[in-house]
Amino acid sequence: WKRYAAAFAIIGGGWLLWAALHQANPVLRSELISFSTEDPRKPIIRFLIKRGDGADVVSCTLTARDYEKNVVGQIEEVIPAGKRSLQLSIEIPTRAPAVNVGIAGCRIL
């Protein structure tokens with residue numbers, strides 16, 4: 001049983017190390033910096049995009065929500081190839097007053 005335990009420890013340890021390193025450096029990362037709801041019908045979101053390759057075109061889904069956490073505005077923002085790290089400010093039109101905004105998700109196109 002010691003051989004099986006050693007083999008399992010080596011294989012499991014290798015997989016754990018690979019998974020940790022792979023997830024520590026994602027290909028695409030988005031981060032909310034701030035948002036402004038001075039005009040609740042047109043909130044502004046400020047966020048950061050970091051991509052592994054500047055040649056990647058990125059699409060981010062941005063949402064605005066009301067007091068009851070209902071989505072009152074949603075847009076798909078396409079970020080063309082360019083810098084690997086950039087900060088954006090985007091206005092999200094809404095159908096009702098919004099109290100917060102967020103990034104639903106980003107993906108490489």
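I looked up the burial of C60 first: C60 is buried, at 0% relative accessible area (buried means under 20%, exposed over 50%, partly exposed in between, with a 1.4 Å probe and protein chains only). I note that this is a predicted model, in which local features need pLDDT of at least 70 and side-chain atom pairs pLDDT 80 or more, while totals for chains, interfaces and linings use all residues. Residues are numbered from 1 along each chain as its sequence is written, and side-chain values use heavy atoms, without hydrogens and water.

Next, the disulfide. I found one in the structure (a pair of cysteine sulfur atoms within 2.5 Å). C60 is bonded to C106, with 2.0 Å between the sulfur atoms. The pair joins distant parts of the chain, 46 residues apart, with C60 in strand 3 and C106 in strand 6, residues 100-108 (strands are DSSP runs of E, at least two residues, numbered from the N terminus). I read 110° about the S-S bond, a right-handed link. C106 is partly exposed, at 22% relative accessibility.

Then the core. I looked up the largest nonpolar core, which has 17 residues; C60 is among those with the most contacts inside it, as are I45, F47, L62, I79, I90 and I92. A nonpolar core is a set of buried Ala, Val, Leu, Ile, Met, Phe, Trp, Tyr and Cys residues joined through side-chain atoms within 4.5 Å. At least two core residues come from each of strand 2 (44-51), strand 3 (58-65), strand 4 (71-79) and strand 5 (85-91). Strand 3 gives the largest share, four residues.

Last, I checked I79. Beyond its neighbours within four places in sequence, I79 is in contact with F47, I49, R51, D56, V57, V58, C60, L86 and L88 (contact means heavy atoms within 4.5 Å).
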